[in-house]
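Here's a quick briefing on a predicted model. Have a look at the structure first, then we'll go through its salt bridges, its pocket and a surface patch.

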Amino acid sequence: MTENISATGVAFTLPRPLEVQTQVRFTMKMPAEAMGTPTDVVVHCTGRVVRCNTSETCWRAAAVIDEYYFSQ
């Protein structure tokens, strides 16, 4: 589950840990209102984990976005 998105990265929760520098691929559906487009936009991202730690209930990771492209 995504917790936070910025122009260069994403923070998310997950059920198990990921090692730092692990390559990740993920897709996010961005609402039209947030993107300023007439329809929702799908963003396909490739990045790498820069941080992973645990909380009381789950693992939290952060990844930088190295590449992305849009589709509808």
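D66 and R48 pair up in a salt bridge, with the closest N and O atoms 3.1 Å apart; the term means a side-chain nitrogen of Lys or Arg within 4 Å of a carboxyl oxygen of Asp or Glu. The two sit in distant parts of the chain, D66 in strand 5 and R48 in strand 4, 18 residues apart. Strands here are DSSP runs of E with at least two residues, helices are runs of H or I with at least four, and both are numbered from the N terminus.

**Ground rules**
- Residues are numbered from 1 along each chain as its sequence is written, and side-chain values use heavy atoms, with hydrogens and water left out.
- As this is a predicted model, local features need pLDDT of at least 70 and side-chain atom pairs count only at pLDDT 80 or more, while totals for chains, interfaces and linings use all residues.

**Salt bridges**
- The whole structure holds three salt bridges.
- D66 is partly exposed at 42% relative accessible area, and R48 is partly exposed at 31%; that label covers the range between buried (under 20%) and exposed (over 50%), using a 1.4 Å probe and protein chains only.
- E3 and R60 meet through their side chains at 3.0 Å, N to O.
- That pair ties E3 in strand 1 (residues 2-5) to R60 in strand 5, 57 residues apart.
- D40 bridges to K29, with the closest N and O atoms 3.8 Å apart.
- Here D40 lies in the loop between helix 1 (32-35) and strand 4, and K29 lies in strand 3, eleven residues apart.
- K29 is exposed at 62%, whereas D40 is partly exposed at 33%.

**Largest pocket**
- The largest pocket has a volume of about 150 Å³, the volume being the space filled by probe spheres set on grid points joined across faces, edges and corners.
- A pocket is an open set of points on a 1 Å grid where a 1.4 Å probe fits, with protein on both sides within 12 Å along at least five of seven lines; lining residues have an atom within 4 Å of a point.
- Among the lining residues are I5, M28, C45 and I65.
- Strand 5 gives the most to the lining, with three residues.

**Surface patch**
- M35, Y68 and F70 form a nonpolar surface patch with about 320 Å² of accessible area together.
- Patch members have over 30% relative accessible area and no salt bridge, and nonpolar side chains (Val, Leu, Ile, Met, Phe, Trp, Tyr) are joined within 5 Å; areas come from the Shrake-Rupley method with a 1.4 Å probe.

Conventions: Patches are made of residues with over 30% relative accessible area and no salt bridge: like charges are joined within 9 Å, nonpolar side chains (Val, Leu, Ile, Met, Phe, Trp, Tyr) within 5 Å.
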